[in-house]
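Reader: Could we go through this one together, starting from the side chains and then moving on to the strands?
Author: Gladly; here it is.
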Amino acid sequence: MTKADLKIPSPEELKAIVGTHLLWTKTPAKGKRGELSYCALPGIDLSGLDLHGMVFTGADLGGARFDGCNLAECDFFGANLSGAHLRGAKLTRAVLRGARLAGTDLEGADLHEADLREGVLYRHRGPRRPGEIESDGAAEGEMTNFFRADLSNAKLSGSVFKGAKLAGAIMANATMVDADFSGCDMTGVDLRGANLSRTNFTSARLTGAKMVGVSIDKTVFTGADLTGLMPEDLNQVKAWARDAKFDPPPVNNRDNFTAVIAAHEKWLQSDGREGKQAVFERADLSGIDLSGKLLRLVVFRRCSLSGADFGEARIFAVDFSGSDLREACFRGAKVSGGRFDGANLTGADLSGCRIAPLPLAGGGGQIATSFRGALISRSVFAGADVFAGDFSETALAGTGFPFRG
């Protein structure tokens, strides 16, 4: 099908189609579902409109603007969306099979359950018989901006995303069999539970990706950057990605924990002249028992501490930034000047915990306890005392967070 085959609707026709569709979205009996299949609409601006359910099969929408649109359940089968702007658009359950997405801007778009599988649209002239529209080939997402887009549960099998920007995208439980993500920036992407069978990640950047529960079979990670993974994510993929780049194993871990803490105590008592500060980074310390312990200036950066026990512990200026503290116990602990920035405290027990700033000696101010950007959903704070600190970018609604101010 060439551009000459496409219909060019007049401004009046276009206005009528869009107008009756907008009425249909509110009162289906009075309006009519919009049909713009096989239309030439390059550069059209429909930003901010509720167009859910509209049909754009085979349309030329190159450079079109759909920023902030509701495009849920729209049909873009075989459409050209090259260079189109869909920032913040809602594309839940949209059909994008065979759509051309080269250079498309989908930053912040919601593609939950969208269908981006392979599909090439064949339009036959004359009477149409069953089977004359076929699926074959691959959807294209080459050099597309999917930054922070929600692609959870999306069907991406056979799709080509070479060089696309997918940093921070949510692709949990997506089906990605035979898809090509070579050269993509997938920094911090959430792939938990995704099917990665025969997926190509050659030279892709997967720094800090979440990969727990992925299905891996003949998946290619040649030259991929898999640095910055949490221990549980590392355990999931390392055996299958021998030719990828990983961080060196952490120097301090569970095996030498006691010795590291002993050297740390010597470092504290000698004002740094002897021993060495305890710094654990990306270490798997899940389930460790530190209940009742005195912890001062210890660093647990991006560690796996899920299910760890800090009950009744005294914790002063300890750094938990970026760590996995799901289901951890801080019951009755005293936390002063702690750092929980970016930590995951989902389901943690902080009942009876006292969280406060740490005063500096000689009246030189204080170190605030910070939960900046932390996840604390389903955490328990019954009977806790929380004094002044940094809770910016932290969702507190519905948590019963006992902040005193």
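Reader: What is the relative accessible area of E73?
Author: E73 has a relative accessible area of 42%, which makes this residue partly exposed (buried is under 20%, exposed over 50%, and partly exposed in between, with a 1.4 Å probe and protein chains only). This is a predicted model, in which local features need pLDDT of at least 70 and side-chain atom pairs count only at pLDDT 80 or more, while totals for chains, interfaces and linings use all residues. Residues are numbered from 1 along each chain as its sequence is written, and side-chain values use heavy atoms, leaving out hydrogens and water.
Reader: And which side chain does E73 meet in a salt bridge?
Author: The side chain of R93, at 3.0 Å from N to O, where a salt bridge takes a side-chain nitrogen of Lys or Arg within 4 Å of a carboxyl oxygen of Asp or Glu. Both residues lie in the loop between α1 and α2, so the pair ties together parts that are 20 residues apart in sequence.
Reader: How many salt bridges does the structure hold?
Author: There are 18, and E281, R301, D319, R339 and D341 are linked in a network of them.
Reader: Switching to the strands, what is the order in the open sheet?
Author: The order is β2-β4-β5-β6-β10, with parallel pairing; strands are DSSP runs of E with at least two residues, helices runs of H or I with at least four, numbered from the N terminus, and two strands pair if DSSP finds at least two bridges between them. The edge strands, β2 and β10, each pair on one side only.
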